[in-house]
Amino acid sequence: MAPEIAKGRPEETDLAEVRNYARDILKKLDKAEFSSVNVPGNFPYKEIKKSIVTPISTDMCNKCGECARVCPVEAISIKGSVETDPGKCFLCASCIKVCPMDARILPPPLSEGMKKMAEMLKNTRNGNEIFI
Ligand code: SF4
Ligand code: SF4
């Protein structure tokens with residue numbers, strides 16, 4: 001959906017970190033060290049907010065069903081048209097990415113906001129955080 005973000009990743013340093021991560025997991029398994037993992041975050045967790053908008057399908061849609069197949073929460077149904085349940089959709093964008101016809105899009109006000117955000121993030125390089 002925003003290929004300019006994290007362009008070129010994973011790079012060699014990312015892959016080296018993944019290899020080290022795998023080695024550390026093996027070490028931990030060998031030693032049977034199963035301590036709890038602390039992951040930073042905001043507590044208490046907030047209730048998930050339901051989307052007020054969802055991706056939509058344009059006239060280019062040929063009802064192939066790929067979007068419904070990949071949707072992790074089964075929010076999409078294809079009857080006469082492609083329908084998306086806003087009570088289930090959490091805007092992961094998998095359906096947009098998979099659509100072979102480029103028919104699945106965000107509604108214009110949201111897509112404009114996403115473009116602005118992508119523009120701000122495209123030169124940001126975040127490091128990996130590993131929890132083991
Ligand atoms: S993947 Fe695209 S073309 Fe296929 S049903 Fe979904 S919106 Fe339509
Ligand atoms: S954005 Fe994600 S959750 Fe929403 S309909 Fe598409 S695949 Fe399903």
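**Figure 1. The shell around ligand 2.** Around ligand 2, the shell divides into eleven nonpolar, three polar and no charged residues. Ala, Val, Leu, Ile, Met, Phe, Trp, Tyr, Cys and Pro count as nonpolar, Asp, Glu, Lys and Arg as charged, and the others, Gly among them, as polar. The shell holds 14 residues, and Cys 71, Cys 89, Cys 92, Ser 94 and Cys 95 come nearest. A residue is near a ligand if its C-beta atom, placed from the backbone, lies within 6 Å of the ligand. The model is predicted: local features need pLDDT of at least 70, side-chain atom pairs count only at pLDDT 80 or more, and totals for chains, interfaces and linings use all residues. Residues are numbered from 1 along each chain as its sequence is written, while chains are lettered from A and ligands numbered from 1 in the order in which they are written.

**Figure 2. The shell around ligand 1.** Here too 14 residues surround the ligand; Cys 61, Cys 64, Glu 66, Cys 67 and Cys 99 are the closest. By class, this shell has eight nonpolar, three polar and three charged residues.

**Figure 3. The largest nonpolar core.** Seven residues form this core: Cys 67, Cys 71, Ala 75, Ile 76, Val 82, Cys 95 and Cys 99. Such a core is a set of buried Ala, Val, Leu, Ile, Met, Phe, Trp, Tyr and Cys residues joined through C-beta atoms within 7 Å. Buried means 20 or more other C-beta atoms within 10 Å of the residue's own; exposed means 12 or fewer, and partly exposed lies in between, with C-beta atoms placed from the backbone. Cys 95 touches Pro 55, Cys 67, Val 70, Cys 71, Ile 76 and Arg 104, leaving aside residues up to four places away in sequence. Contact requires C-beta atoms, placed from the backbone, within 7 Å. In soluble globular proteins, nonpolar side chains tend to be buried together. Across the 132 residues of the protein, 9% count as buried.

**Figure 4. Two residues with positive phi.** Most residues other than glycine have a negative phi. Glu 74 has a positive phi of about 50 degrees. Glu 74 sits in the loop between α2 (66-70) and β2 (76-78). Glu 74 counts as exposed because 10 C-beta neighbours lie inside 10 Å. Asp 102 also has a positive phi, about 55 degrees. The loop between α3 (94-98) and β4 (104-105) holds Asp 102. Asp 102 is exposed, with 10 other C-beta atoms within 10 Å. From Asp 102 to Val 70 is 32 residues in sequence and 15 Å in space, C-alpha to C-alpha.

Figure 5. Arg 9 and Pro 10 are joined by a cis peptide bond, with omega about -5 degrees. Pro 10 lies in the segment before α1 (12-31). Most peptide bonds are trans.

**Figure 6. Helix α4.** This helix covers residues 108-121, and its 14 residues should span 20 Å at 1.5 Å a residue; the end C-alpha atoms are 20 Å apart, which agrees. The expected span is 1.5 Å times one less than the number of residues. None of the 14 residues of α4 is buried, so the helix lies largely in the open. The elements of the protein run α-β-α-β-β-α-β-α from the N terminus. Helices (H or I, at least four residues) and strands (E, at least two) are DSSP runs, numbered from the N terminus.

How values were computed:
Contact = placed C-beta atoms within 7 Å.
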